[in-house]
There are 2 protein chains.
Amino acid sequence: MEIPTIDDILKAHKLISPFIHKTPLLSSKSINQMLGAEIYFKCENLQKVGAFKFRGACNSVFSLTDEQAKNGVATHSSGNHAQALALAAKMRGIPAYIVVPNNAPNVKKKAIEGYGAEVTYCEPTLKARETTLNAVVEKTGANFIHPYDNPKVIAGQGTAALEAFEQIQAIDIMMAPVGGGGLLSGTSIASKAISPKTLVYAGEPKNADDAFRSFYSGEFVESSNPKTIADGLLTSLSKRTYQIIKQNVDAIFTAQEETIVKAMQLIWERMKIIVEPSSAVPLAAIMENLETFKGKKIVIIVSGGNVELSNLPFV
Amino acid sequence: MEIPTIDDILKAHKLISPFIHKTPLLSSKSINQMLGAEIYFKCENLQKVGAFKFRGACNSVFSLTDEQAKNGVATHSSGNHAQALALAAKMRGIPAYIVVPNNAPNVKKKAIEGYGAEVTYCEPTLKARETTLNAVVEKTGANFIHPYDNPKVIAGQGTAALEAFEQIQAIDIMMAPVGGGGLLSGTSIASKAISPKTLVYAGEPKNADDAFRSFYSGEFVESSNPKTIADGLLTSLSKRTYQIIKQNVDAIFTAQEETIVKAMQLIWERMKIIVEPSSAVPLAAIMENLETFKGKKIVIIVSGGNVELSNLPFV
């Protein structure tokens with residue numbers, strides 16, 4: 001099982017730098033005063049396609065040899081990874097084949113098609129997604145790029161933390177949300193290599209706490225049918241991301257649904273940036289554990305900003 | 001009538017730099033492709049108090065001598081200027097007296113009080129605001145800081161454009177929204193001094209087009225009871241801002257209400273930043289005049305991001 005190293009992350013950053021935004025690190029005095037900590041937000045919501053996923057997708061696509069690349073890339077997803085992969089493929093000038101469940105919101109279908117991907121619709125079951133994807137890969141010879149269980153993807157996601165360490169010094173805590181664990185894996189590998197003293201924490205919805213349970217029980221468990229507003233964090237860890245997280249992460253904190261909404265609203269109102277619920281989970285975890293974070297200098301990787309403006313939780 | 005110069009703006013920038021955010025210049029490939037131009041957004045919505053107004057307020061407050069400052073500052077406003085002045089005064093450790101119409105939204109009242117200002121409520125008429133303010137000034141000896149008809153305020157607002165010229169080269173068009181004209185005045189003075197070739201344009205709501213009418217008729221006119229969603233642009237020019245704008249601005253474009261909402265939604269969805277309707281007016285003006293802006297490198301000063309999340313126009 002291949003585990004990426006800091007060298008892979010450094011290499012990824014060099015490879016993808018011409019294509020990605022170097023996103024700003026923003027802070028809010030009023031949030032800091034309210035919570036008694038010094039928090040910096042690494043704004044991957046301002047990344048291309050509005051999510052950190054573009055980093056991993058870009059690294060996967062541009063790491064392919066010309067020979068590999070010519071058949072394109074494929075994945076099954078209706079979320080940010082699908083859009084990210086579609087755009088990265090478009091930038092390299094190769095085809096992207098995306099398998100999308102037919103119940104995905106229209107706005108997401110349109111976005112994926114808008115990036116020029118070839119979309120195949122399937123029934124909204126995991127089995128249908130996998131079967132359809134296999135058929136697409138068999139027919140086209142495309143390279144399957146898993147949304148998180150892929151060393152190139154993980155290395156790409158780690159470049160956000162890498163940049164944060166360039167942008168600011170002496171970080172006490174580096175924090176990311178955890179779903180499938182791609183972002184947290186890359187973040188933790190980068191952090192432990194660059195700044196061993198920095199603690200790496202994760203935030204996870206209490207209603208989808210497979211990573212929390214795996215981490216603290218020492219036994220790999222998967223979520224079963226989790227329900228959370230943080231819809232980017234519904235997936236479970238893979239064996240690979242579990243192993244990386246077990247080795248590099250210092251603690252996982254969970255957050256309740258109502259705190260996630262409050263944290264999201266706080267970011268919108270005070271930071272004036274649009275973040276999706278998943279991005280608010282680390283801040284929510286801080287809000288539920290104020291003593292632990294008191295006086296600390298914290299970087300939160302803001303995962304993305306893709307939300308339906310017509311369906312906001314705080315109205 | 002004192003008109004600020006580029007030296008005043010440079011001096012202002014030096015004075016306020018320790019207190020303000022140097023805001024990022026963000027762009028969106030998809031917006032650029034859609035509109036056929038290269039647009040950079042100078043994000044004053046990410047400024048302290050969520051608006052460019054903090055620059056002018058800061059310059060006014062920190063330009064006072066100790067002798068002047070000790071009695072504090074005063075203004076009448078329920079908007080961004082009130083919050084900006086309150087925070088700037090708090091930073092200098094002097095009192096801020098704000099006269100607020102008693103029908104102002106609760107959220108704004110709370111925000112102003114939250115910055116530690118002493119708030120006096122009055123009837124929601126211009127006469128009551130002025131009478132109450134005069135009484136407050138007489139009683140306290142505070143320095144009245146007008147929201148835009150003030151050379152220090154105008155010089156402070158000009159620092160946003162100043163920074164943009166440091167952040168990016170060869171700007172064809174520098175664009176700002178226009179209400180009372182403080183931002184546009186400062187922006188135009190900075191632009192004409194630093195880059196005489198750069199055209200300075202303004203965007204104004206068609207429903208509050210006093211600046212447009214004054215500019216093109218050559219005669220100073222005021223708005224009467226304007227109604228626009230861009231509630232930061234309801235005020236009319238002053239004689240001072242009119243004179244500056246007449247001298248330094250190359251054109252004013254108006255935008256319809258529905259285009260303003262569309263432009264605002266486009267910025268939220270594609271840029272993942274929260275902007276108030278006033279900030280979307282320049283982009284709306286571009287959308288209504290695509291041929292004029294085709295292929296141009298444009299900077300838009302995004303004025304602010306203070307909106308009621310429970311009352312969004314696009315749901």
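In this predicted model, the C-alpha centres of domain 1 and domain 2 of chain A are 25 Å apart. The domain assignment places residues 6-51 + 151-302 of chain A in domain 1 and residues 54-144 in domain 2. Where the two domains of chain A meet, domain 1 contributes 19 residues to the contact and domain 2 contributes 14 residues. On the domain 1 side, helices α1 (6-16) and α8 (151-167) of chain A each supply at least two residues. Of the elements on that side, α8(A) gives the most, with 8 residues. Sorted by class, the side of domain 1 of chain A that touches domain 2 holds 11 nonpolar, 6 polar and 2 charged residues.

Turning to the strands of chain A, an open sheet of 4 strands is found in the order β5-β4-β3-β6, with parallel pairing. Its edges are formed by β5 (118-122) and β6 (143-144) of chain A, each of which pairs on one side only. Within this sheet, β3 (residues 73-76) and β4 (residues 96-101) of chain A are joined by 4 bridges in the parallel sense. One pairing can be followed at the residue level: A:Ala74 has A:Tyr97, in β4(A), as its bridge partner. In general, strands of a sheet pair through backbone hydrogen bonds, either parallel or antiparallel.

Strand β2 (residues 38-43) of chain B pairs with β10(B) in the parallel sense over 6 bridges. Strand β7 (residues 173-177) of chain B also runs parallel to β10(B), and 3 bridges join the two. Both pairings can be traced to B:Ile298 of β10(B): B:Ile39 stands opposite B:Ile298, and B:Ile298 is likewise the bridge partner of B:Ile173.

Among the helices, α13 (residues 277-287) of chain A is mostly covered, and 11 of its 11 residues are buried. The buried residues of α13(A) include A:Pro277 and A:Pro282, the serines A:Ser278 and A:Ser279, and A:Val281, A:Leu283, A:Ile286 and A:Met287. A:Ala280, A:Ala284 and A:Ala285 are buried in α13(A) as well.

The arrangement of the two chains can be described next. Chain B is superposed on chain A by a rotation of 180° with 0.0 Å of shift along the axis, at an RMSD of 0.0 Å. That is the relation of a two-fold axis. In chain B, B:Ile273 has the C-alpha nearest the axis, 2.1 Å from it. The same surface serves both copies, as 94% of the contact residues of chain B recur in chain A.

The contact between the chains draws 18 residues from chain B and 18 residues from chain A. On the side of chain B that touches chain A, the largest share, 3 residues, comes from helix α12 (residues 257-271) of chain B. That side of chain B is made up of 10 nonpolar, 5 polar and 3 charged residues.

Finally, the confidence scores of the prediction can be set beside these features. For chain A, the pLDDT averages 95, and 100% of the residues score at least 70. For the complex, the predictor gives an ipTM of 0.89 and a pTM of 0.92.

Terms used. Residues numbered from 1 in each chain as written. Chains lettered and ligands numbered in written order. Predicted model: local features only at pLDDT ≥ 70, side-chain atom pairs only at ≥ 80, totals over all residues. Least-squares fit on C-alpha atoms with pLDDT ≥ 70 in both. Contact = placed C-beta atoms within 7 Å. Nonpolar A, V, L, I, M, F, W, Y, C, P; charged D, E, K, R; others polar. Buried ≥ 20, exposed ≤ 12 C-beta atoms within 10 Å, placed from the backbone. Domains from an automatic or database assignment. pLDDT = per-residue confidence, 0-100. Pairing = 2+ DSSP bridges.
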